[in-house]
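Please read it alongside the sequence and the structure shown here.

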Amino acid sequence: HRCVIRGLDARAYARHALHREDTDWPEKNCYADLWIELLHALKLQPLAMLGHTIAVDFEGDQWTFFKPPHTELRALYGIDVQEMTVWRPLEEHIVEQLGAGKLVSSEADAFWLPDTAGTDYRSKHTKTTILVNEIDTDARRIAYFHNAGYFDLHGEDYEEILRPGVMPLFAELVRINRRVRQDCADLKQLALGLLREHYEWRPRRNPFTAFGERFARDMPAMREAGLERYHAWAFASIRQAGAAFE
């Protein structure tokens, strides 16, 4: 059994305010969401890392999939993220790295994630990202951050989520042993400086104008393509724009 952040209970976990049901977009995107909740679990302030959303743009067939820059996670919180070489079974990597106090983020198939019940769980294969905090190889159980909270899985879901595919999964190491808790005023000043940098990379043209023009062209084909195509389009477009600007 390996666990990095102790005391978390998937069934009693209190999510951050950014993920409350009364927000317009309780789920942002899988990568941004897991960082919101990891920082929250570490009693750090996720709001400070969100300056990058001001540069979100319409990319033609989708909106920018916004992700907190790793350099800013280090500057704001002292948290270091590095890509991991998955050269052996993922389970072995997770056991070793969690044992060393590092969390592991990994691509995953939402088909095997119980927290997606009602959408993807046991119904649709969809790529997403989870952040593993706890693994028990004897009980065949994993506890992980995903979307708007902290969850666990076991049994067949455990076997399948770790099953090697044709290509190795993309995974990252998250080192929190040098994390810092900045004074609130200092954190605000750091965040403001980063926001100013991202503001210089804001879209040169109103992205909603460009989106509206493309939307008008695409709508007839969207009606014909059906609901599944609509859901994929909505995630790549209105959900990313809505969550970022909220």
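Contact, as used in this note, means heavy atoms within 4.5 Å.

1. Basis of the model. This is a predicted model, in which local features need pLDDT of at least 70 and side-chain atom pairs count only at pLDDT 80 or more, while totals for chains, interfaces and linings use all residues. Residues are numbered from 1 along each chain as its sequence is written, and side-chain values use heavy atoms, with hydrogens and water left out.

2. Overall architecture. Seven helices and seven strands make up the secondary structure of the protein; helices (H or I, at least four residues) and strands (E, at least two) are DSSP runs, numbered from the N terminus. Read from the N terminus, the order of elements is β-α-α-β-α-β-β-β-β-α-β-α-α-α. The radius of gyration is 19 Å, close to the 18 Å that the globule rule gives for 246 residues, so the protein is as compact as a globular protein of that length. That radius is taken over C-alpha atoms, and the rule is 2.2 Å times the number of residues to the power 0.38. The C-alpha trace spans about 55 × 50 × 35 Å along its principal axes.

3. Of the 246 residues, 45% are buried (under 20% relative accessible area; exposed is over 50%, and partly exposed lies in between, with a 1.4 Å probe and protein chains only). Among contacts with a separation of 6 or more, 67% join residues 24 or more positions apart.

4. Charge. The protein carries 31 positive and 38 negative side chains, and the centres of the two sets lie 4 Å apart. Lys and Arg count as positive and Asp and Glu as negative, whereas His and the chain ends are not counted. Each charge is placed at NZ of Lys, CZ of Arg, CG of Asp or CD of Glu.

5. Strand 7 and its partners. Four of the five residues of strand 7 (residues 171–175) are buried. Strand 7 pairs in the antiparallel sense with strand 2 (residues 80–84) over five bridges, and aspartate 80 has arginine 175 as its bridge partner. Strand 3 (residues 102–109) also pairs with strand 7 in the antiparallel sense, over five bridges; here valine 104 stands opposite leucine 173. Two strands are said to pair if DSSP finds at least two bridges between them.

6. The hairpin of strands 5 and 6. Strand 5 (residues 141–146) and strand 6 (residues 149–154) are antiparallel partners over six bridges, with arginine 141 opposite histidine 154. The two strands form a hairpin with two residues between them. Asparagine 147, in the loop between strand 5 and strand 6, is buried at 10% relative accessibility.

7. Backbone angles to inspect. Most residues other than glycine have a negative phi. Asparagine 147 has a positive phi near 50 degrees, and arginine 140 has a positive phi near 55 degrees. Arginine 140 lies in the loop between strand 4 (127–136) and strand 5 and is partly exposed, at 27% relative accessible area.

8. Surroundings of arginine 15. Which residues are in contact with arginine 15, leaving aside its neighbours within four places in sequence? They are Arg20, Glu21, Glu37, His40 and Ala148. Arginine 15 lies in the loop between strand 1 (2–3) and helix 1 (30–41) and is partly exposed, at 34% relative accessibility. Its C-alpha atom is separated by 8.6 Å from that of alanine 41, which is 26 residues apart from arginine 15 along the chain.
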